[in-house]
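I opened the notebook with a few spots to look up. Here is what I went after, in the order I got to it.

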Amino acid sequence: MKKYSSKRSVQILAHLLQQYGISDIIISPGSRNAPLAIHFSEIDSFNCFSIVDERSAAFVGMGMAMSEKKPVVITCTSGSAAANYYPAVTEAFYSNTPLLILTADRPTDYTDIFDGQTIRQNNLFHQHSYGDFQLLEDSKDDAENVNSEIIKKAIELCFEKRGPVHINIPLEEPLYNLVSELPTFPTVEHTIRNKEYEIPSTLVADWNTSQRIMILVGTRDHSAELENQLTQLVKNHTVVVLSETNSNLYHEKFFKHIDRYITGFTEEDYRQYAPDLLITVGQNVVSKRVKQFLRNAHPKQHWHLDEVWQPDTYFALTQKIEIKPELFFSKLLNFATLEPKPFYNLWDVLRGKKDLKHEQYLNLIEFSDFYLFNKVSQSIPENYNVHFSNSSAIRYAQLFDFGKRRIYCNRGTSGIDGSTSTAMGFAIKNEKPTLLLTGDLSFMYDINGIWNQYIPPFTRIIIFNNGEGNIFKIIPGPGNANSNSVDEFIATKHNKNMEFLAKHFGFSYTKVEDEMTLDRVMDNFFKADIHPKILEVMTAGKSNAEILKTYFKSL
């Protein structure tokens with residue numbers, strides 16, 4: 001016989017989650033959140049996952065939300081457990097990933113009296129959430145009606161903003177009183193409101209008179225509709241579309257290797273290749289070079305298309321267009337003139353020259369991180385989703401062609417914390433297999449990302465172990481410091497490998513130290529196995545930073 005929590009606030013919360021179609025719940029163990037854990041796990045429509053480490057659990061929830069494209073619940077006990085959610089909350093906030101955060105708490109009058117596991121949890125995430133709410137204790141007057149309204153508002157905000165929303169839940173003892181029957185709750189009517197939009201005639205006129213139109217697409221999930229709309233704009237060479245690997249857009253006329261094309265730009269190049277109308281879509285752009293280029297280019301107009309964020313990244317923003325890009329372009333295409341422009345041909349000639357130099361350089365490189373990324377880009381089966389960790393991994397990814405595979409990376413705050421956990425959460429909820437391509441420090445920093453029992457056997461992780469945070473040998477600045485201090489305190493040199501970690505967490509493991517072995521094992525690595533697999537590629541001692549710097553010089 002099923003047993004449910006007797007807490008009315010928990011019963012109402014579970015009912016409303018069901019009403020809004022939220023089904024995935026990640027529970028980190030604790031006592032104060034026991035009413036939530038017990039109640040949720042007894043409801044058949046909920047998929048409950050036990051993840052011990054709250055920091056990892058929140059990123060796993062993020063990965064699930066990215067895969068499912070709907071809110072995922074994360075819930076934990078009181079005190080520092082809730083604070084451990086914060087890194088993932090900031091990432092979800094800046095990447096528009098819907099997390100519904102349920103933190104159990106002591107009763108409100110226990111705060112700041114030195115009771116165990118009690119901190120100031122109310123409004124804990126208020127700077128990086130779209131709502132911080134606190135429920136009333138069940139014993140308070142009118143708690144049931146007030147809590148119902150709070151929960152509905154929080155859930156609707158999570159859907160609308162596609163970001164984190166927090167509900168703090170003070171729970172009085174006893175915590176483990178159970179009931180065998182639940183009361184009947186009313187059905188909740190809810191609808192998703194679609195925005196209406198009519199494109200201003202002034203924008204159409206500006207489009208039709210602009211001769212140098214550039215559309216820059218940052219980090220975003222794949223959209224077949226947007227891809228088709230941008231294809232209509234480029235097929236007659238009307239615009240230049242710059243995209244990145246993690247823009248998840250695919251067409252031969254899109255310029256998808258920005259760093260390859262604009263490396264070595266002079267002041268004259270900034271003027272020659274600059275747009276007069278810049279339209280930006282999506283979230284963060286990986287390329288620092290394109291930020292520098294567009295900040296120096298000073299476009300006359302910059303329109304940004306997004307429902308939530310309107311950042312002035314290039315210090316030239318003139319239009320904040322707060323709607324879905326798909327809706328904007330559907331309206332624009334009814335009125336826009338789609339004539340060939342010399343601006344596209346100018347960029348296309350540049351692309352041809354730089355692509356040729358890229359291919360020539362590939363014939364010269366030795367075994368290294370650069371060699372690995374080229375090899376992996378050619379070897380991943382087409383049905384794989386690919387996650388990259390931050391720092392070096394996502395930067396290398398921009399230089400190679402990963403086909404039409406879906407590409408993901410935590411670029412909201414661009415931190416290395418949580419890259420593994422996010423990828424594993426995505427893998428758990430996606431029917432297609434997932435590959436994580438990660439650096440050694442990113443992987444070690446988030447070891448608990450593989451500490452769960454739900455990782456599918458077709459999940460793959462490739463670790464390029466260069467024995468340090470090699471990004472600090474690549475970016476300008478650290479090279480001017482004392483080499484000993486850089487090695488120890490910035491690049492963090494080490495001699496660790498992941499063999500015993502892999503085996504401890506139930507992964508098959510292979511280590512590679514040269515190109516012949518890599519070429520030999522790569523195909524077998526993606527074949528079916530009863531365990532997920534880790535391939536560790538040892539490139540420590542190779543001139544990884546110098547090879548990448550020489551590549552950019554060759555361009």
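**Entry 1: H304**

Before anything else, I noted that this is a predicted model. I started with H304 and asked where it sits: it is in strand β12, residues 301–305. Is H304 buried or exposed? I got 4% relative accessibility, so I put H304 down as buried. Next I looked for a polar partner for its side chain and found T280, with a polar contact of 2.7 Å between the two side chains. Then I listed what H304 touches, skipping residues up to four places away in sequence. T280 is on that list too, along with V281 and G282.

**Entry 2: cysteines**

How many disulfides does the structure hold? I found 0. I checked C48, which is in no disulfide; its nearest cysteine sulfur belongs to C76 and is 15 Å away. C48 comes out partly exposed, with a relative accessible area of 27%, whereas C158 is buried at 1%.

**Entry 3: strand β16**

I moved on to β16, residues 434–439, and asked how many of its residues are buried. The count is 6 of the 6, so I have the strand down as largely enclosed by the rest of the structure. I wanted to know which way the residues point. T434, L436 and T438 go one way, while L435, L437 and G439 go the other, and all are buried.

Then I looked for the strands that pair with β16. One is β14, residues 385–388, in the parallel sense over 4 bridges. Within that pairing I picked out N385, whose bridge partner in β16 is T434. Another is β17, residues 460–465, which runs parallel to β16 and is joined to it by 5 bridges. Here I noted L437 standing opposite I462 of β17.

Helix α17, residues 440–445, belongs to it: β16, α17 and β17 make a β-α-β unit, and I logged its hand as right-handed.

Definitions and conventions. Residues numbered from 1 in each chain as written. Predicted model: local features only at pLDDT ≥ 70, side-chain atom pairs only at ≥ 80, totals over all residues. Heavy atoms only, no water. Helix = DSSP H or I, 4+ residues; strand = E, 2+ residues; numbered from the N terminus. Buried < 20%, exposed > 50% of the residue type's maximum accessible area, 1.4 Å probe, protein only. Polar contact = N/O pair within 3.5 Å; in protein donor to acceptor, adjacent residues only side chain to side chain. Contact = heavy atoms within 4.5 Å. Disulfide = S-S within 2.5 Å. Pairing = 2+ DSSP bridges. Right-handed = clockwise from strand over helix to strand, strands pointing away.
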